[in-house]
Amino acid sequence: MTTIPHTASHQAPSREELEALRQRYRAERKRRVRPDGVAQYQATDAEFGYYAADPYVAETEAADREPLHDTVDVAVVGGILAGARLRQRGVGSVRIVETGGDFGGTWYWNRYPGIHCDIESHVYLPMLDETGYVPEWKYAPGEEIRRHAVRVARRFDLYEDALFSTSVTALTWDETTGTWVVATDRGDAFRATYVVTATGTLSTPKLPGIPGIEAFKGHTFHTSRWDYAYTGGTPDGGMTGLADKRVGVVGTGATGIQVIPMLAQDAGHVHVFQRTPSTVDVRANRRTTARDVGADREGWAHERRENYLRIVSGEPAGQDLVADRWTESAGLLEKLLPSFRRQGDRETFEAAYEAADAAKMNELRARVEQTVTDPDTAERLKPWYRYACKRPTFSDQYYDAFNRDNVTLVDTADTHGIERVTEHGVVVGGTTYELDCLIFATGFSVGTSGVLSGKLPVHGRGGTQLLHAWASRGPRTLHGFTSNGFPNLIQMGSLQNASSVNFTHVLDEQAVHAAALVAAAEAEGALVEPSREAEDAWLAALAEDAPDHEWFHAECTPGYYNREGRGRPNGPTAYPHGAHAFHRLLKRWREDSMTEVLQPRTPTKDR
Ligand code: NDP
């Protein structure tokens, strides 16, 4: 293995060091890439459905209602923000269909000990101006965010007609009535004039496809379905049920980093099965007051969130109101946005970028050394890849946990992860680690929820299925929201749209846009449906400046960012100038051109 000369934090690395780093990163990638790529994972269905079941609502309670066959104005699949923005627009009947037993989305499902949001709460929590709520911590605990979702739902009367513990199984456009038939797994078949889908991007838990996983006789669950009945305690800790238990945790991503220090405090012994170490930066969580964030001024939350989005999108913002590690490292994370590439030619930019990246990674590796006392453990906890290859994480307790006698790090990189699970434990490198409890912090399937997964078939005009229509020429939308042949269907998500680290901001802007489309169609007595020409024009706009990022992801260590090492194909998958510019574009379009998607309600075969 190449030795990397040490560079102190923020110091520009020498040419020799950069070359040595390149070699080390290549070697580490090679060590980790698996031939089976994304196929290495096991879905949480069939005999593994137990891992995805709702631990917060009893099955009998959820099933206790009659199927619905009525008609509503708008059916919203999953999205609380879409519901709220529709209500603000005065849309009459809005029915949210939600797989969970309550509102909260990812914060409903994820309640593991230590759960916090690592994006600043004052920009992450939506609708603070509208609800008057001011978060109390810079980084809010998950429960505070879940309660805020409930607050938003109450404020906009979204409980009124919501269907919980219900999943939509098919959407079918009925040409004769000009409505969608919404079928669910509870036997509903109700009608809606409009359907808004907001099914989330990382919502279906996944397991590693480890041989023998079903044989384990101890207790086991996924972090997104935490079993407090077994562990005892709450998200704040106090897991007395684990005091005499040998606990194994698989996974050291953003979830593992938060949960491991909590387990270390409460469990008899914790084995951390690590495959790729995360970058773990300073978190510096602290209590905040309304004064700290200027919450005495009207529109303070809107202003703060816009400021944050500008900075992480590489746009001039004047001051940095949030000032944390995300805004500090924005240039490294969103390097592909043209706004960050403005200066110099490509070669100069790449060189400056690589040097800054190396300095940041050296700083993070030095942090491990400064905290972890056992040199071998410290070495194994060091991340060897470029900063944007994996999602950054933040903790001021994670590395300290490895200085405890009851925590053992088990490095599984050489065996591409855990080799085998047996009745009594986990096998890595021929050694069996006996366990009472095995917890999977192994993340979520990408693109397997909602419309794009194929699990929610959408039949538009003439019975055409959305994914079949897209099969040969790829997805076709206007702004990611609407598609020809699928009238009054509005999709939220990142496809042909824009994304950001502050995803709730993006979702809220999408909700504003979806509600504006519905309101305009209602006002005009029209259908929402783009022409093929409008779709073509949008695809051309996406392709014009599509970032050349394939080279970057192809050199990265595997993970869900690069399809487990396969790289990320170039192409017009998202708006290339970032979320802030995209929001401006949408606003202008709503003001000047929205009528282009409004079509007469009379049935037409093909547009
Ligand atoms: P991730 O997909 O990020 O991490 C999964 C972990 O499981 C990785 O460490 C992975 O290793 C490991 N793993 C998978 N298979 C095996 C195996 N066979 N053997 C050993 N280890 C294995 O999931 P998370 O739940 O941590 O995070 C998912 C996303 O959720 C985040 O990226 C983030 O977007 C969001 N999140 C946000 C938070 C917030 O505060 N805002 C908090 C938590 C999550 P490897 O890296 O080698 O594949």
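A salt bridge here is a side-chain nitrogen of Lys or Arg within 4 Å of a carboxyl oxygen of Asp or Glu. By this rule the count comes to 46 salt bridges. The model being toured is a predicted one.

**Stop 1: Glu130 and Arg85**

Select Glu130 and Arg85. Their side chains form a salt bridge, with N and O 3.2 Å apart. Glu130 belongs to helix H6 (residues 128-131) and Arg85 to helix H3 (residues 80-88), so look for two parts of the chain that are distant, 45 residues apart. Glu130 is partly exposed, at a relative accessible area of 26%. Is Arg85 buried or exposed? Its relative accessibility is 9%, and because buried means under 20%, Arg85 counts as buried.

**Stop 2: Lys217 and Glu423**

Next, select Lys217 and Glu423. These two residues form a salt bridge, and their closest N and O atoms are 3.4 Å apart. Lys217 sits in the loop between strand E7 (204-208) and strand E8 (219-222), while Glu423 sits in the loop between strand E14 (420-421) and strand E15 (425-428). The pair therefore ties together parts that are 206 residues apart in sequence. Lys217 is exposed, with a relative accessible area of 59%, whereas Glu423 is partly exposed at 38%.

**Stop 3: Arg246 and Asp436**

Now select Arg246, in strand E9 (residues 246-250). Its salt-bridge partner is Asp436, with the closest N and O atoms 3.0 Å apart. Asp436 is in the loop between strand E16 (431-434) and strand E17 (437-440), and the two residues are 190 residues apart. Arg246 counts as partly exposed, at 34% relative accessibility.

**Stop 4**

Ala413 counts as buried, at 1% relative accessibility. Setting aside neighbours within four places in sequence, Ala413 is in contact with Arg31, Arg32, Gln274 and Arg275. To see a separation across the model, select Thr477 as well: the C-alpha atoms of Ala413 and Thr477 are separated by 41 Å, and the residues are 64 residues apart along the chain.

**Stop 5: the nonpolar cores**

Select Trp226 and Leu263. Of the 122 residues in the largest nonpolar core, these two touch the most other members. Helix H17 (residues 503-524) gives the largest share of this core, nine residues. Stay on Trp226 and show its surroundings. Neighbours within four places in sequence aside, its contacts include Pro55, Tyr56, Arg111, Tyr112 and Pro113. Leu263 is also in contact with Trp226, as are Phe221, Met239, Val259 and Ile439. Another core, of 21 residues, lies apart from the largest one, and Val97, Val451, Val458 and Leu489 are among its residues.

**Stop 6: helices H10 and H20**

Finally, select helix H10 (residues 300-312) and helix H20 (residues 578-592). At what angle do they pack? The angle is about 120°, and the axes are 6 Å apart. That makes H10 oblique to H20. On the H10 side, the contact is made by Glu306, Leu309 and Arg310. On the H20 side, Ala579, His580, His583 and Arg584 take part. By class, this contact has two nonpolar, two polar and three charged residues.

Methods
Residues are numbered from 1 along each chain as its sequence is written. This is a predicted model: local features need pLDDT of at least 70, side-chain atom pairs count only at pLDDT 80 or more; totals for chains, interfaces and linings use all residues. Side-chain values use heavy atoms; hydrogens and water are left out. Axes are lines fitted to C-alpha atoms, for helices over the stretch in contact, and angles run from 0 to 180 degrees between N-to-C directions. Helices (H or I, at least four residues) and strands (E, at least two) are DSSP runs, numbered from the N terminus. Angles under 35 degrees count as roughly parallel, over 145 as roughly antiparallel, 65 to 115 as roughly perpendicular and the rest as oblique. Contact means heavy atoms within 4.5 Å. Ala, Val, Leu, Ile, Met, Phe, Trp, Tyr, Cys and Pro count as nonpolar, Asp, Glu, Lys and Arg as charged, and the others, Gly among them, as polar. Buried means under 20% relative accessible area, exposed over 50%, partly exposed in between (1.4 Å probe, protein chains only). A nonpolar core is a set of buried Ala, Val, Leu, Ile, Met, Phe, Trp, Tyr and Cys residues joined through side-chain atoms within 4.5 Å.
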